[in-house]
Amino acid sequence: MNIRAIKAITKKDLSSVTSNVQIILPIIIVPLIFCVVFPAILILISRFSDLNQATNLEPILKILEKLPEESSLAKDLATFTDLNQKLIFLFFNYFFAPMFLLIPIMGASLVAANSFAGEKERRTLESLLFAPVDIFSLFLGKVLAAFILAMGLAIGGFILYGLTINILGYPLFNRAIFPQSNWLVLLFWVIPSFSFLAILFNVAVSAKVKGFQEANQMSVFVVLPIIFLLISQILGAFIIDTKFLWLLGGGGLFISVIVLWRMIGHFDRNRLFESQIF
Amino acid sequence: MEQIIKAVDVYKSYHKEPVLKGLNLTVTKGQIVGLLGPNGAGKTTTIRLLNGVIGLDKGQLEVFGLNPEKSGDKIRSLCGVLTESAGLYPHLSGEQNLAFFGELYGVEKKEVRYELLKDFGLLEHKDKKVGSYSTGMKKRLGIAKALLANPELLFLDEPTTGLDPEGARDLLGYIERLNKDKGVTILICTHILKQIEELCHRFLFLDQGRIIEEGTLEEIEAKYLKEFLVRVETDVSVSKIPTSFQLITHTPGKLTFKLSNKSDIPILLRLLLEKGSVYSSEILGRDLETMYFKIREAGR
């Protein structure tokens, strides 16, 4: 392992992200919509109208009824008298969590998909492979770049999201309602674990395919399970609680380790080099 | 003399399409060697194999006495490579590119890159993005990149394509000095034979995945030049020339003879000098390009 080279590659890859409009634009705009615009609209609507009358909330109300009384969520919800408060609290602290998970994963996927495929497109992979750097360091440098970006997006998004909810929601609650403890587990356990998995997958695809477009299309497969998670949750299959998050993150990490272990065996300079020729 | 590169009966194919078919070659330490051949002959593949970035199917390779497949990183740390596409990052400036590759090669000193930028006339463009560089500038930066780690062995794949005559001349002069002053061994692949005719110590002719001929220009000449066309600038009139010398063409003041032996040239010149003045004489068709075509013809 070549720490100096890993650092150089990470730095270079991050700088190539910020200088590529095609990549940096969605990476900035999507989190802004998810973390600021969307919550702001929802809170403002709830402040000036009754959510219960606006839409059919039957399924959510049913979930609330099923909550065991001793759960922390039930206790929290009991402190609110207004249904609007309950819904806002629930939505932003719980229902939104999987959607939030999408932000760093999307960003990391985009960067990771670009990693080797982008080098191939710019015809720089060749000179990179001619350097005296072992393939694992090269790979790690690229994974690290995507991971740093994912965590930056997650933490940045978290701060923006928290500020939006707490500031705009203050007239409704007279206190900060965000974050609940589940968010720390989400931010520092589930997101790193899933981002890592998404990155590994995308870097592997990126190393195989010829160009960025192709790599990007493949990266959809990582986002799909999360969309499934989102839908299943809204349908009330389960409510995300902290224990579930610990399990989810652990599961993601477990799969990542298996994927990584399988990848190391398959990753070699010659194969990577030949993938750019044909 | 120490052999820095050795290939014995090397075979390589891409997706079942054979590229190298029994390649044998050696490069002696301290030489500039020209690897010549048409497109698709396997020149670039040879460079890749020698650097261990692709694997071979059959045969033996040694660079610095090491196996490129097993000790690739060690070999790559001693080699500089200019690939045909130069392989630079367009979003980084010239200096940033050198800094990045410097970190990969373990050369982080600022002075090293400034010296190279200066040598290749890029110092004033060091902060411009490489994407805005001209083809010639990219090529020069690519060579600066190849020289970053002070290599003992330099591979140059088409180093002069895209350079203007001035740039090409400067580069070839630089390569020659590098070889003379630092003893760097250099393998050059090119199509532009005229440029490297006087630069290279030895030539390897690659065709359809094999070396079909090799040697110094003199050795190759001795083998392929079966007759000598000599053009003499003289005031001796045609009628005074004995018929034993075969005269091919004559224009006023210029005569072209066909001789079957190199040793006949001084005899001819002496004879002409007895009868008049001789201003110049040269052997025609002994340049690298003519040899190249003769060798390829003979190979068919």
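This is a predicted model: local features need pLDDT of at least 70, side-chain atom pairs count only at pLDDT 80 or more; totals for chains, interfaces and linings use all residues.

Reader: What is the order of the strands in the open sheet of chain B?

Author: Three strands make up this open sheet, and their pairing is antiparallel. Strand 2 (17–28) and strand 4 (58–63) of chain B each have a single partner strand, so they stand at the edges, and one side of each is left without a neighbour in the sheet. From one strand to the next the twist averages 15°. The order is 2-1-4.

Reader: Is V8(B) buried, partly exposed or exposed?

Author: V8(B) has its place in strand 1 of chain B. Not counting residues up to four places away in sequence, V8(B) touches N24(B), G59(B) and Q60(B). V8(B) has 13, so V8(B) is partly exposed.

Reader: How do helix 9 and helix 10 of chain A lie: roughly parallel, roughly antiparallel, roughly perpendicular or oblique to each other?

Author: Helix 9 (residues 135–173) and helix 10 (residues 181–208) of chain A pack with their axes 9 Å apart, at an angle of about 140°. Roughly antiparallel would call for an angle over 145 degrees, and roughly perpendicular for 65 to 115. Helix 9 and helix 10 of chain A are therefore oblique.

Reader: How many nonpolar residues are in the contact of helix 9 with helix 10 of chain A?

Author: Helix 9 of chain A passes helix 10 of chain A in a right-handed crossing. From helix 9 of chain A, the residues that meet helix 10 include F139(A), F147(A) and F158(A), while L187(A), I191(A) and V203(A) are among those on the helix 10 side. Beside one polar and one charged residue, the nonpolar ones number 15.

Reader: Which elements of chain A give two or more residues to the side that touches chain B?

Author: The contact takes 23 residues from chain A and 24 residues from chain B. By class, the chain A side has 10 nonpolar, five polar and eight charged residues. The elements giving two or more residues to that side are helix 1 (3–18), helix 8 (125–129) and helix 14 (269–277) of chain A.

Conventions
Residues are numbered from 1 along each chain as its sequence is written. Chains are lettered from A and ligands numbered from 1 in the order in which they are written. Two strands pair if DSSP finds at least two bridges between them. Helices (H or I, at least four residues) and strands (E, at least two) are DSSP runs, numbered from the N terminus. Axes are lines fitted to C-alpha atoms, for helices over the stretch in contact, and angles run from 0 to 180 degrees between N-to-C directions. Two residues are in contact if their C-beta atoms, placed from the backbone, lie within 7 Å. Ala, Val, Leu, Ile, Met, Phe, Trp, Tyr, Cys and Pro count as nonpolar, Asp, Glu, Lys and Arg as charged, and the others, Gly among them, as polar. Angles under 35 degrees count as roughly parallel, over 145 as roughly antiparallel, 65 to 115 as roughly perpendicular and the rest as oblique. A crossing is left-handed if the near helix is turned anticlockwise from the far one by less than a right angle, and right-handed if clockwise. A residue is buried if 20 or more other C-beta atoms lie within 10 Å of its own, exposed if 12 or fewer, and partly exposed in between; C-beta atoms are placed from the backbone.
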